[in-house]
Each structure stands twice: as structure tokens, then as C-alpha cells.
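Dear colleague,

Please find below the structure I am handing over to you. My findings follow it.

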Amino acid sequence: MRNLRYLLYIAILIILLTLPLYTGVYLLNVMDIILIYIALALSWDMLLRSGQISFGIAGLFGVGGYGAVLLHLNLGISPLFSILMGGVAAGALAWLVGMAVLQLRGMYFAIVTLALAEIFRVIIRNFPDLTGGPEGTVLPSAIFAGNSTKTYWLVLAVAVVSVMASEIFRRTRIHFALTSIRNDEIVARSSGIDVFKYLVFIFVITSAIQGMTGGAYAHIYGFVSPEGSFSVDFTLLPIAMALLGGMHSTWGPVVGGILLGVVSEFLKLQIPYGHLLVYGLIIVITILFFPQGILGTLGQKLKKTGNG
Amino acid sequence: MNLLSKLKQSSYQITIISFVLAIILAIWKPHVLIEGIQRACLYAVIALPMALILGIVGIINLAHGDFMMLGAYFAYFLNVYTGMDPLVAIFPALLAFFLIGIASYRAIIKYVLGAPELNQLLLTFGLAMIMEQLANLLWTSRPIKLPLSYVSSSATIGSFTFGTFEFVYIGAAIIVLSGLLLFLKRTSTGQAALAVGQNPRGAKLVGIHVDRTYLLIFSLSIALVGAIGVIFMTRHSIFPLVGAPFTMKSFCLIAMAGIGNLVGILWCSLILGLAENFVLSFRGYAGWADILFFALIVLVIMVRSHQRQVK
């Protein structure tokens with residue numbers, strides 16, 4: 001049974017890797033967006049498993065993007081390595097913020113992260129010489145000279161990294177530590193878990209993934225700007241995807257990401273100035289009617305019919 | 001939650017410090033003092049309803065600033081279609097947003113009262129997004145402003161001129177704060193609300209209708225913040241995202257004052273308002289003013305977590 005499952009993963013991976021052979025450029029671009037959102041949704045969910053909620057996805061995503069682009073332009077670091085460094089930059093920032101505010105949790109942490117995107121936007125506007133100010137910075141050329149197959153592989157690698165990180169976190173003792181922190185912090189503390197250390201650790205890791213995704217995104221589209229890189233899209237969509245698919249799991253955010261990623265392509269064309277409204281609605285409806293998400297609700301139904 | 005004791009403890013020291021600072025400022029930069037106080041009162045009056053909801057209903061309403069934004073648009077369209085003056089529109093806005101408050105409590109908020117804090121945060125975040133995006137869809141992101149002549153009135157003392165209309169914020173802050181304190185202290189409904197805020201189960205045991213109290217407090221707060229939106233739009237241009245920073249600034253003030261401390265919010269907003277105007281008064285550094293509240297909130301969280309560890 002276990003071997004079968006691994007075979008299935010490998011088969012899916014091979015299909016995804018060879019996708020550029022039998023599809024066109026448009027579908028690859030759509031896949032890029034979907035995979036980027038899946039990476040963001042997964043990393044957000046990984047932090048959620050510890051009971052902490054971050055609204056700062058767009059902030060860390062933008063920091064990663066700016067970090068990657070500025071390092072590439074000013075220090076001449078190769079694009080691929082600068083994407084990694086963008087992740088490191090976002091992780092370092094998350095470490096600073098986490099050390100400062102993770103002692104008080106829950107809503108305090110949530111609001112601080114909610115402000116992150118706005119704060120970074122202000123900072124970037126105030127250093128126009130370095131960051132290009134409100135207009136942003138344009139790269140001389142996109143990564144791989146805009147080759148859609150290679151960009152797709154890059155984004156696929158980012159998404160696979162986040163899926164693997166999520167699976168590793170689910171299968172090791174970190175999973176039990178985080179789950180017990182979420183369920184009851186006092187119990188977690190009394191069984192010897194260093195709550196603060198674990199929370200900072202998971203916040204840094206998830207932020208690094210978000211920063212790396214931001215770096216990849218910035219290099220693919222070849223520019224960063226305060227409005228574009230810190231857009232609320234990058235906070236709202238991943239949250240809606242993870243919630244719709246089902247939180248606290250690896251495959252929930254993936255399924256939600258695929259579903260909403262496809263839907264968002266239609267929505268952008270249908271209502272260009274209000275398509276984010278739909279994701280707000282999805283968040284509210286999911287929380288009110290099926291907080292377990294699609295996968296969680298289906299799982300419960302299956303269990304019930306299996307027992308009955 | 002103990003309003004009276006907190007008032008006695010903290011306001012005494014803070015008053016002395018702020019008086020000294022105010023005198024220094026008045027001599028050095030009188031503009032900063034006057035405009036800072038006006039701005040501070042605007043912050044306070046927006047944060048008060050949010051503090052009320054957080055203290056009694058126990059929900060952090062991330063859509064708070066967006067209710068204010070809706071109030072501002074409400075007054076704008078009332079003026080465009082009926083010619084009603086925004087300052088008169090406060091009263092229909094109070095009524096309309098009381099009803100909106102009832103509707104949102106009944107339809108949405110009620111169902112997450114017992115849910116984990118995570119779900120409450122996500123829900124109000126989703127609500128905020130819906131409101132912002134709906135406004136964006138209906139009225140576009142173009143900033144709009146009513147041409148009102150009386151808002152730019154000004155007075156001159158000696159060599160320096162300042163706007164007088166903004167004193168409306170100070171009036172609003174005094175009215176709302178004293179009104180809320182009177183309501184919570186002197187009326188039986190207010191006392192019941194305080195009791196519910198302290199211990200909902202206990203309040204239920206002594207026969208207080210908890211659900212109705214939540215409904216009343218939530219709708220009252222939404223009505224207040226809607227009406228504040230009306231006052232806000234007289235002086236500022238409005239756009240769909242205009243309310244979002246106020247949600248965060250309000251939370252910053254509540255965290256500084258401590259949950260349940262209504263009077264403290266006024267003092268804390270004075271700190272924030274004066275500090276922001278102080279930074280704004282330096283040419284070239286004005287862009288950093290928007291970051292102050294974040295620095296304050298991080299500082300407050302660090303101090304509070306330190307205090308908790310020492311205890």
C-alpha cells in the first residue's frame with residue numbers, strides 16, 4: 001500500500017515534469033501561477049498548524065522578491081542563487097519579527113503580520129535610490145530569457161520544495177510539537193516543548209518559503225514594485241485556497257490551490273476589478289459552514305459511511 | 001476589565017508626562033501640538049468602538065476600519081442624491097449602521113463566538129476583504145471628496161494658523177468616550193454588558209441575556225464607527241482602502257491601553273497622534289510617519305511579554 005502511494009507520487013511528478021512536452025505556453029503560464037499560489041498556501045498552512053495565523057504572506061513574498069532582484073542587480077548574484085537569497089532575507093526578517101512578537105500570540109501576532117505588507121511598502125518607498133521608490137525596479141531581462149519551459153520547471157521546483165517541507169513537518173516530531181501547541185499550550189509546555197522556539201522556527205521556515213516564492217515570481221515577471229509585489233492578492237488567495245481545500249494538511253491547500261487557481265483565471269477575465277471579492281466570500285463561507293474544508297469534510301463523510 | 005482601578009493607576013503618571021511634553025511641544029512646534037491632538041482624537045474615536053467589541057463581545061474585528069469606510073461612502077452618496085449635509089447625515093448613519101451591525105451579528109458573527117480565535121480572525125479578515133473589494137467594484141478605487149466650504153476654516157493666533165474644523169474630532173472623542181463611560185457605569189444595561197465582558201457564564205447564571213447583550217454592543221459599536229466615517233469624510237478624501245490602516249492603528253491603541261481600558265485609549269492615541277505629527281513636521285522624513293504605529297505595537301508587545309515573564 002505504501003509502495004503504491006510512492007509510485008503514485010512519482011508518476012504525478014513525472015507527468016508534471018514532462019508537461020511542457022504536450023502543452024502550450026498559455027497553459028504553462030497558468031500552471032506557473034497555480035504552483036506559486038500552492039507554495040504560498042502550503043507555507044501559510046504550515047504555520048497555521050501551530051495555531052498561529054499570519055496575514056503577512058504578501059509582505060514576506062514582496063521582501064523575497066525585492067531581496068532577490070536587488071541582490072541580483074547590485075551584487076551581480078546569479079538569478080537562481082538570488083532567489084534562494086530572497087528566501088533567506090524573508091526568513092531573517094521573520095526571525096527578527098518573530099523574536100519580538102511571538103511571545104504574545106494569537107491576535108497580537110496576527111495583527112503585526114497584517115501590518116507587514118504595508119510597513120514594507122512604506123520602507124521601500126522611502127529608499128528610492130536603492131529600490132526605485134514607488135515606480136519599482138525593472139530587471140534588464142526575465143530569468144532564462146523568458147523561456148516558458150524553464151520558468152515552469154523553476155516554479156515546479158519551488159512548489160515541490162514546499163510540498164516536501166510540509167510532508168517532512170507532518171511526519172516528524174515537529175508535527176506533534178506544533179499540534180500540541182495548537183491544542184493546548186500549557187499542556188505542550190508541561191510536556192517539555194519549548195513553545196517559543198518552535199513557533200519562531202516554523203515562522204522563519206514558512207517565511208523563507210514565501211520569500212523564495214516571491215523571488216521566483218519577481219524574476220519570472222522581471223520587475224518589482226511596491227503595489228505589485230505586496231499586493232493583497234498574495235495574502236488573500238493563498239488563505240482562501242488553504243481554507244477551501246482544508247487546513248492542517250498537505251493536500252488540502254494543494255487541492256484548494258488547483259481549484260481556485262483555475263477559477264481565478266476565469267474570474268480575472270469576467271470581473272477584472274472585483275475578482276478578489278470572491279475569495280473573501282470563500283473565506284467567510286468556508287469558516288461558517290465547513291471549517292474543515294473540502295478534503296476534511298469529504299474525509300469525515302467517507303469515515304461515516306465506512307462505519308455505517 | 002477593571003476600568004476604574006486602571007484609570008486611577010495609570011492616568012496619573014501619564015498625565016504628568018504628557019503635560020510636560022505638551023508644553024515643550026507648544027513652545028517648539030505649536031502646529032504639531034494642535035494638529036497632533038486633533039489627529040489623536042480621530043484615532044481615539046475610531047478605536048473606542050473596536051475596544052468595546054473586543055472587551056465585551058471578545059472578538060477582534062478586522063473589518064472595523066472598513067465599516068468606517070462604508071459610513072463615509074454612505075454620507076457621500078446621501079449628499080450627492082439628497083443634498084444632505086454630512087454633519088446632519090450622522091444621524092441617519094447611526095441608524096443605518098446600527099441595522100447593519102444587527103444584520104452582520106445575526107448572519108455571521110454569532111456563529112463564531114464559540115469558535116477558536118483563529119476562525120474569528122479569519123472570518124473578520126474575510127469580511128474586511130469582501131467590504132473593500134465590493135467598494136472597489138461598485139465605486140472604483142478613485143479617491144473622492146465632497147467640496148465643503150466650512151471644513152477649511154481656520155483661525156490665527158499670533159503668527160501661526162491652524163484649521164478649526166478639525167476640533168470636531170476632539171468634540172466627537174469627548175462625546176463618544178463620556179457617553180460610553182456613562183452607559184457602562186450608570187445604566188443597568190451597561191453594567192450588564194460589563195458583566196458579560198468579564199464572565200459570560202456568570203452573567204448568564206444571574207439572568208443576563210448574553211446573546212442580546214452581544215448583539216446590542218456589537219451593533220452599537222458598528223453604528224458609532226459608521227457615524228465616525230461620516231465625520232471623517234468631511235475632511236478627507238475617501239477610497240475603498242481608506243479604512244484598513246485605521247483597523248491596525250486602532251488595534252495598536254487597544255494593545256497599548258490594555259483590553260478593556262477605554263480611557264487609556266485616549267492617552268495612547270495622544271502619544272500616537274503627536275508622534276506622527278512630530279515626524280510629519282520634518283521635511284524629507286514625513287514618509288516614515290506611517291510606520292510609527294507599527295514600531296509602537298512591536299514595542300508594546302515586547303514590554304508586555306517581558307512583564308508577563310517577570311511575573
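In chain A, 78% of the contacts with a separation of 6 or more join residues 24 or more positions apart; two residues are in contact if their C-beta atoms, placed from the backbone, lie within 7 Å. This is a predicted model, in which local features need pLDDT of at least 70 and side-chain atom pairs count only at pLDDT 80 or more, while totals for chains, interfaces and linings use all residues. Residues are numbered from 1 along each chain as its sequence is written, and chains are lettered from A and ligands numbered from 1 in the order in which they are written.

Chain A contains 16 helices and two strands (DSSP runs numbered from the N terminus: H or I of at least four residues for helices, E of at least two for strands). Its C-alpha atoms occupy a box of roughly 60 × 50 × 40 Å along the principal axes. Of its 308 residues, 50% are buried, meaning that 20 or more other C-beta atoms, placed from the backbone, lie within 10 Å of a residue's own.

As to confidence, the model scores ipTM 0.90 and pTM 0.89. Chain B averages a pLDDT of 86, with 95% of the residues scoring at least 70 (pLDDT is the predictor's confidence in each residue, from 0 to 100).

With kind regards

How values were computed: Buried ≥ 20, exposed ≤ 12 C-beta atoms within 10 Å, placed from the backbone.
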